[in-house]
Structures are given as C-alpha cells and as structure tokens.
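Subject: The structure you asked to look at

Hi,

Have a look first, then read my notes below.

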Amino acid sequence: MVENETLVEEVKPAEKKEKSLVVRGRGTTNIIKGRNNPRVVKRASVRFLGVNNTLIIGAGVNMVDVRVLFNGNDSVIEIGPRCKINGSLIVKSGSRISIGAGTKFNSQEARVHCGEPGTSIVIGKKCLLASVRFRTSDQHAIYDVASDERINPAKDIVVEDDVWIAENVYVYKGVTIGAGSVVGARSTVLKSLPGGCLCVGTPAQSVREGIYWKDKFE
C-alpha cells in the first residue's frame with residue numbers, strides 16, 4: 001500500500017422505499033381489487049367505516065395525496081386504468097364513484113363526495129380536473145312548511161368523456177357535463193352543460209360552441 005493512500009469504500013445509493021397504500025379498518029367484508037396496481041407517489045390512504053364496500057383500482061394508476069373514505073356500507077369506488085388521482089373520494093352507504101380510464105386530477109384539493117346514501121358520481125375517460133368539488137347533496141335538508149316535504153333531495157352527477165374542468169370549480173347535484181366541454185376557473189355548475197362548449201360563470205353557461213381542447217400547447 002502506498003503511504004498516505006486513502007481507502008475509499010464504495011457507497012451504494014440507498015434503495016428507494018416503495019410507498020404503499022395505507023388501509024385502515026378494512027375488516028373481512030371490504031374488498032380492494034387491484035391492491036398492488038397503483039403507484040403511490042405520495043400519501044394514499046383508504047379507510048373503511050362500514051362493511052361490504054369495494055375499491056377497484058385499475059392498472060397504472062398514480063395516487064398523490066389521496067384520501068379514500070367509505071363512510072357506510074355497500075358502496076363502490078372504481079378508478080380506471082392509467083388515472084392520476086389527487087384529493088378526496090368519499091361515499092356514503094349504497095353509493096358509487098366511477099372514474100374513467102386516463103382521467104387526471106391535478107390538485108390535492110379536489111373532492112369527489114357522494115354526500116348522501118344511494119347517490120353516484122360518474123366521471124368519464126380522459127378528463128382533466130383541477131381543484132374541483134363534486135357534491136351530490138346540500139348536506140342539510142330543507143323542507144316545505146305547508147307539506148313538510150323535503151325540497152332539496154340529493155341527485156347524481158355525470159361528467160362525460162374528455163371534459164376539462166379548471167381550478168376552484170364547484171359541480172353540484174343533478175348535473176351532466178357533456179363530452180369535450182371546458183368549464184372555466186371559479187365557475188359554479190348548477191345546471192347541465194352541453195358537450196363541445198366553453199362554459200364559464202356562476203351559474204356556469206355556454207359562451208362558445210364548437211370547441212375542442214388539448215392537454216398541451218403545440
């Protein structure tokens with residue numbers, strides 16, 4: 001050995017620890033199909049507060065800051081292949097959330113909430129969604145004084161394929177957003193919107209027909 005020679009030990013880079021889906025309160029009657037499919041980029045958790053619930057995760061799903069909550073029984077959440085999921089997915093008993101293949105959520109503030117039992121939110125394929133809030137319920141009941149009947153029942157929400165919804169948009173119960181449409185930032189969707197349109201405002205309405213959009217500039 002040469003005098004004063006320094007021995008340098010080869011240091012191997014630390015192996016990257018695979019992030020995993022955290023499941024709480026699973027029980028024996030709640031099912032996760034495709035448990036090993038998602039790539040958990042950052043914090044993803046599933047919590048079961050009931051029984052007979054099913055979470056379906058397609059191949060190639062990315063999960064970033066995701067919270068999935070089954071707050072009841074007999075509900076289904078289905079995430080299609082190649083989706084990117086951020087934010088919160090919440091269902092009450094007998095409810096369903098379905099997200100089509102290739103759809104992307106780009107904000108951890110996104111919230112898809114079936115707020116009453118027996119409601120559904122269906123989001124189509126290849127949609128692009130920012131900090132959007134979906135709600136099938138007003139969360140509180142309003143009654144007619146004369147009849148004592150409730151006047152604000154919960155209703156389903158449908159977003160068809162290839163829809164882009166920008167940041168800070170609220171989508172409320174009973175609406176359908178047509179395929180290929182764009183909903184501009186800070187809009188409030190209270191009524192159904194046609195396909196292939198640019199829609200803005202509160203309440204949101206079509207301001208231009210015959211449009212299409214692309215995810216990237218050319």
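In what sense do E4 and strand E6 pair, and over how many bridges? They pair in the parallel sense, over 4 bridges, with E6 covering residues 76-79.

Before the rest, some housekeeping. This is a predicted model, in which local features need pLDDT of at least 70 and side-chain atom pairs count only at pLDDT 80 or more, while totals for chains, interfaces and linings use all residues. Residues are numbered from 1 along each chain as its sequence is written, and side-chain values use heavy atoms, with hydrogens and water left out.

The whole chain

The secondary structure comes to 21 strands and 0 helices. The radius of gyration (taken over C-alpha atoms) is 22 Å, well over the 17 Å that the globule rule (2.2 Å times the number of residues to the power 0.38) gives for 218 residues, so the chain is more spread out than a compact globule. Along the principal axes, the C-alpha atoms fill a box of roughly 100 × 50 × 25 Å.

Of the 218 residues, 43% count as buried. Here buried means under 20% relative accessible area, exposed means over 50%, and partly exposed is in between (1.4 Å probe, protein chains only). Contact means heavy atoms within 4.5 Å; among the contacts with a separation of 6 or more, 24% are between residues 24 or more positions apart.

As for charge, there are 31 positive side chains and 23 negative ones, and the centres of the two sets lie 2 Å apart. Lys and Arg count as positive and Asp and Glu as negative, with His and the chain ends not counted; the place of a charge is NZ of Lys, CZ of Arg, CG of Asp or CD of Glu.

The sheet

Now back to the strands. Seven of them form an open sheet with parallel pairing, in the order E2-E4-E6-E8-E11-E14-E17. Strand E2 (31-33) and strand E17 (176-177) stand at the edges with a single partner strand each, so one side of each is left without a neighbour in the sheet.

You can walk along part of this order. E2 is joined to E4 (residues 54-57) by 3 bridges, and Ile-32 has Leu-55 as its bridge partner in E4. At the next step, Ile-57 stands opposite Ile-79 in E6. Further along, 3 bridges join E11 (residues 120-123) to E14 (residues 157-159), again running parallel, and Ile-123 stands opposite Val-159.

There is parallel pairing among other strands too. E1 (residues 22-24) is joined to E3 (residues 39-48) by 3 bridges, with Val-23 opposite Val-46. E3 in turn is joined to E5 (residues 62-71) by 8 bridges, one of the partner pairs being Ser-45 and Arg-67.

Val-91, in strand E7 (residues 84-92), counts as buried at 1% relative accessibility. Leaving aside neighbours within four places in sequence, its contacts include Leu-69, Phe-70, Ile-77 and Cys-114. Val-91 and Ile-77 are 14 residues apart in sequence, and their C-alpha atoms are 8.0 Å apart in space.

His-113 sits in strand E10 (residues 111-114) and is also buried, at 8%. Among its contacts beyond four places in sequence are Ile-90, Ile-121 and Phe-134.

Not counting residues up to four places away, Glu-149 touches Ile-142, Tyr-143 and Asp-144.

Most residues other than glycine have a negative phi, and most peptide bonds are trans. Here are some exceptions. Asp-148 has a phi near 65°; this residue lies in the loop between E13 and E14 and is exposed, at 59%. Arg-43 has a phi near 40°; it lies in strand E3 and is exposed, at 55%. Finally, the peptide bond from Thr-202 to Pro-203 is cis, with omega near 0°, and Pro-203 is in the loop between strand E20 (197-200) and strand E21 (205-209).

Enjoy exploring!

Note on methods
Helices (H or I, at least four residues) and strands (E, at least two) are DSSP runs, numbered from the N terminus. Two strands pair if DSSP finds at least two bridges between them.
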